[in-house]
Amino acid sequence: MSVLPDTAVVEDGRLCVGGTALADLAREHGTPLHVYDEATLRARARAYREALAAYPGSARAVYACKANATVGLLRVLVQEGMGMDVASEGELAHALAAGAPPEGLVVHGNNKSDDDVRAAVAAGAGLLVVDHLEELDQVDGIAAAEGREQPVLLRATPGIEADTHAKIQTGHAASKFGMAPGDLERAIARAAACRHLRLDGLHVHLGSQIRDLGTYLAAVEWLARFEPAARLPVLDLGGGLAIPYTDEDDVPDLDAAVTATATAVAGRFDPLPELVLEPGRSVVGTCGVTLYTVGAVKRTAAGITYVAVDGGMSDNPRPVLYGARYQAWIADRADAEPDGAYAVAGKHCESGDVLIERAPLPAPRPGDVLVVAATGAYAASMASTYNALPRAAAVLVAAGGARTIVRRETVGDLLALQV
Ligand code: LLP
């Protein structure tokens, strides 16, 4: 599995995605620019659909909007039949703007405001995942006021450490998410007394960028042993499947991962629950690349050559937050041999603002377009405007055409918020 979108090819040294040369997109739309490949997006949605079809019960994949809530992408995923996992009133509004059917919505959050809950209940969200005991009363009260019965899942914290960066583990005993087994049992009893809630099942999400399928199997095993889970009709195993960020990254195949998980559930539960998965990164991650323009190139006394680009930690905070590693190309010399390893730095006023510490590249020059791969997930959605840098634009490419789906923010937009 490549770190580039499925349609990536090199033609006369030019890296092209969706039939369009990336350097041309940079010239036309400016940089930094997020480029998303529609074919890759559809292929990942289809891969989930097909892998889940092998589950003997009913099963569905719900896309985790936090990975990238760009409405133009959500629209494609809605067309592909994916439900939407939303974690705030804002994400809910993005999903609805993309035409997501309310019954396919799964609503999350470890600290939902009354507005978050009201918006979800009023929209008719198919499932709301209750994070802690008191939230049962909050949701029950709001559902009563809205005159609805709200189907809910309870989020379990099984105390399993996922094989990933500590900051993106969520199922360990010290996690801020979900309920410990004792609270979970209390919540099951309490939910039965809430007249405007319907308890449909349990939810577990162990973490993100998970490479070891054993992590999912441990979750299934834990749930199978948690006796009250067997009586409930829905089992939601969250998201978390890893993607490759560099060619050296070894990650499980999507189909094999989903099949292994579905097989484990089928083998351990009788009757079979409806199986829900909430993939984010593995749907959008490799459909996106980010384009930058190279500015300053300079060598330090310590022997590091910095290649500075016109974005950085504001459009992709992952290297700073998690030590995430990325791979880069020069858009118009994509097949040229690297002549050394360069440090790709952002333009922010922080020494830590380095996107790639050692990128093998062919002598980058000012004006070159630099392509960083696998930026479809958790880059745009975690963007900031640090140093008052307006946020990047985004285009969707398909069959030789590119369409703007997010216009570039302007300094005027930033100033417009200042009162
Ligand atoms: N479901 C729940 C309840 C979640 O909290 C998440 C992610 C997902 C599904 C989707 O997980 P995915 O398939 O995308 O791994 N900013 C971090 C990732 C944080 C993930 C938060 N929750 C990063 O850039 O690595």
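**Figure 1. Helices α3 and α4 cross in a right-handed way.** Handedness here goes by the near helix: turned clockwise from the far one it is right-handed, and turned anticlockwise by less than a right angle it is left-handed. This is a predicted model, where local features need pLDDT of at least 70 and side-chain atom pairs count only at pLDDT 80 or more, while totals for chains, interfaces and linings use all residues. Residues are numbered from 1 along each chain as its sequence is written, and side-chain values use heavy atoms, with hydrogens and water left out. Helix α3 covers residues 71-79 and helix α4 covers residues 89-97; they pack at an angle of about 60°, and their axes are 8 Å apart. The axes are lines fitted to C-alpha atoms, for helices over the stretch in contact, and the angles run from 0 to 180 degrees between N-to-C directions. Helices (H or I, at least four residues) and strands (E, at least two) are DSSP runs, numbered from the N terminus. The pair α3 and α4 is therefore oblique, a label for whatever is left once angles under 35 degrees (roughly parallel), over 145 (roughly antiparallel) and 65 to 115 (roughly perpendicular) are taken out. On the α3 side you'll find Val71, Leu74 and Arg75, which meet His94, Ala95 and Ala97 of α4; contact means heavy atoms within 4.5 Å. Sorted by class, the contact of α3 with α4 has four nonpolar residues, one polar and one charged. In that sorting, Ala, Val, Leu, Ile, Met, Phe, Trp, Tyr, Cys and Pro go down as nonpolar, Asp, Glu, Lys and Arg as charged, and the others, Gly among them, as polar.

**Figure 2. Helix α2 also packs against α3, with the axes coming within 9 Å.** Helix α2 takes in residues 38-52, and its axis crosses that of α3 at roughly 40°. That makes α2 oblique to α3. The crossing of α2 with α3 is right-handed. Look for Glu38, Leu41, Arg42 and Ala45 of α2, which meet Leu73, Val76, Leu77 and Gln79 of α3. By class, five nonpolar, one polar and two charged residues make up the contact of α2 with α3.

**Figure 3. Gln79 sits in helix α3.** Gln79 counts as exposed because its relative accessibility is 56%. The cut-offs are under 20% relative accessible area for buried, over 50% for exposed and partly exposed in between, using a 1.4 Å probe and protein chains only. Arg42 is 37 residues away from Gln79 along the chain, yet their C-alpha atoms are separated by 9.0 Å.

**Figure 4. Asp200 lies in strand β10, residues 197-203.** With a relative accessibility of 9%, Asp200 counts as buried. Leaving aside residues up to four places away in sequence, Asp200 touches Leu127, Pro151, Val152, Leu153, Leu232, Pro233 and Val234. Leu4 is another story: 196 residues from Asp200 along the chain, with 39 Å between the two C-alpha atoms.

Figure 5. Most peptide bonds are trans. Pro32 belongs to the loop between α1 (22-29) and β4 (33-37). Pro271 is in the loop between α9 (254-268) and β12 (274-277).

Figure 6. Most residues other than glycine have a negative phi. Ala374 is in the loop between β18 (369-373) and β19 (393-398), and it counts as buried because its relative accessible area is 0%.
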